[in-house]
Amino acid sequence: MNSRIAALAVGAIAIGLVLAQDFAPRTPLYHTWQYALALAIAFAVLLAYANGVRRGDDGVVGKRLLVALAGAGVVIGAGLAAGLLGPDTASVVGTPGTVAPIPALGAAAFFAPADAAAVARGDAAVTLRRRDGAALEVGARGRPLGESLLYLEPRPAAYLEAWDERGAHLTITQPTSASFLSPVLLFRQQQRIGEFDVPYDTFATPALHRVFRALYFTPRDLAAFPRAIDDKTHPAVILYAADDRGAQLGITFAPSGKDVTIAGVRVRATLGTYPALAIAAAPPAWALVAGVALFVAGIGWSAAASRRLSPRNRRRAVVHAD
Amino acid sequence: MLLAGCYSAPDPKSAAGGGPSTLAGAPAQSFDVRRTDGRVDSLAAHRGEVVLMNLWATWCPPCREEMPALQAFARAYAGRVVVLGVDQGEASSVAAAFASERGVTFPILVDESQQYGRTYQGVGLPTTVIVGRDGRVVRGIDGAMTLEQMRVAVAPALAPLAPRRASR
């Protein structure tokens with residue numbers, strides 16, 4: 001009886017661990033050896049119980065419970081395959097308004113255009129369009145597609161605007177990025193500063209021969225800043241300005257949405273997030289559905305047997321007592 | 001040095017995005033923006049016509065060099081090809097002053113938020129996009145063009161549609 005409960009509990013926990021790949025896809029746990037080992041141990045426990053049942057240890061109830069354990073085994077196998085053998089989670093970082101082909105999925109990702117307000121809200125969408133024309137809106141919660149799970153990963157972003165001293169709007173370019181003509185910085189690189197890994201990006205205002213480096217600080221980072229900052233509840237950037245020969249021209253702190261003037265350029269950086277499309281290996285849906293269905297059905301079937309058997313067992317117990 | 005201001009990473013076509021040439025055959029995205037004359041214009045407003053859209057900026061030396069050829073092309077192909085200059089990120093007054101000084105007569109759209117530049121994956125300036133009558137991108141070209149190159153670029157879009165087999 002105890003071994004039956006233990007096997008069921010281990011099966012349920014293992015199923016929960018595998019389903020977590022779909023419901024909490026951001027956890028890096030699934031590609032670790034510890035995760036694979038936990039599933040392998042669970043599988044071994046189920047096998048040990050099944051072996052005991054084969055020898056007649058748990059009677060009819062145990063035999064019927066093998067159906068449930070087979071279901072758990074299917075789910076564990078699928079989880080191991082996706083977690084251990086599947087590719088690591090990949091992120092597709094797309095410039096707002098562009099299309100990124102994803103050959104592995106036979107699809108293209110449409111990254112929605114984003115203005116300053118959309119970056120501040122962080123609610124831009126990504127739509128996946130497959131070769132057959134079907135469109136799939138991807139959200140923060142995981143969305144299975146074949147043996148992959150798609151979800152949006154918010155990344156720091158800045159929508160930039162710049163003006164010269166006369167107030168004329170200036171072109172923003174990103175000379176070191178493929179998104180040359182985009183005023184949206186996606187902070188694809190990181191710089192270690194003290195205890196922080198700070199995302200940074202660069203942009204230029206070629207009309208005035210200025211090049212800027214922007215370091216992105218979250219409110220949490222700002223809270224740890226020693227200097228007095230009026231507003232630590234919103235993200236901010238530190239801007240370093242240089243001319244196009246590399247001579248340093250200044251440094252300034254730029255809160256989100258506030259105009260600052262540096263090296264003769266008035267800059268407004270509206271900060272927030274813009275999503276990247278994350279593609280994670282996931283157990284195939286059919287395996288999860290079939291495995292969980294078998295698990296539930298097996299428990300139900302064995303419970304029915306248990307109910308049928310219990311009065312006879314009670315009578316037998318009375319006979320033995322006599 | 002001059003080109004450094006007008007172009008992105010050393011090998012932009014190898015990076016994600018792929019540059020404007022990869023957009024051939026895709027539906028042409030359109031955004032409403034103001035022209036230097038104050039009217040609102042867009043690519044979509046010219047659906048059914050062949051459009052040569054040129055993304056440029058006044059600070060970009062190759063764009064300035066290309067402008068006379070673009071003006072000559074606009075004149076030569078008036079009535080057959082709509083030429084739209086789309087200034088990237090600058091103030092309307094700046095673009096208008098430049099156009100007036102250079103005798104540009106085709107419409108200049110002022111795309112302050114650089115929506116066209118982003119969407120057409122401009123890896124540098126100037127970028128030219130030819131859009132067919134069906135609203136799809138025929139070609140995306142990175143870099144300055146000569147008048148002759150412009151003629152060659154629009155030729156496939158101007159070619160008459162293949163005649164349908166006559167029914168008896």
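Domain bounds in this predicted model come from an automatic or database domain assignment.

**View 1. Chain A is divided into two domains.** Domain 1 covers 2–86 + 284–321. Domain 2 covers 91–279. The C-alpha centres of the two domains of chain A lie 47 Å apart. Their contact takes six residues from domain 1 and five residues from domain 2. On the side of domain 1 that touches domain 2, five residues are nonpolar and one is charged. No polar residue is found on that side of domain 1.

**View 2. Helices α1 and α2 of chain A cross at roughly 150 degrees.** Helix α1(A) spans residues 2–23, and helix α2(A) spans residues 33–54. Their axes come within 9 Å. Angles over 145 degrees count as roughly antiparallel, so α1(A) is roughly antiparallel to α2(A). The crossing of α1(A) past α2(A) is left-handed.

**View 3. Residues of α1(A) and α2(A) make the helix contact.** From α1(A) come Ser3(A), Ala7(A), Val10(A), Gly11(A), Ile13(A), Ala14(A) and Leu17(A). From α2(A) come Ala38(A), Leu39(A), Ala42(A), Val45(A), Leu46(A), Tyr49(A) and Gly52(A). By class, the residues of this contact are eleven nonpolar and three polar. No charged residue takes part in the contact of α1(A) with α2(A).

**View 4. Chain A touches chain B.** The contact takes 25 residues from chain A. Chain B gives 27 residues. The side of chain A that touches chain B has 13 nonpolar residues. Ten residues on that side of chain A are polar, and two are charged.

Key:
Residues numbered from 1 in each chain as written. Chains lettered and ligands numbered in written order. Predicted model: local features only at pLDDT ≥ 70, side-chain atom pairs only at ≥ 80, totals over all residues. Contact = placed C-beta atoms within 7 Å. Nonpolar A, V, L, I, M, F, W, Y, C, P; charged D, E, K, R; others polar. Axes fitted to C-alpha atoms, helices over the stretch in contact; angles between N-to-C directions. Helix = DSSP H or I, 4+ residues; strand = E, 2+ residues; numbered from the N terminus. Parallel < 35°, antiparallel > 145°, perpendicular 65-115°, else oblique. Left-handed = near helix turned anticlockwise from the far one by under 90°.
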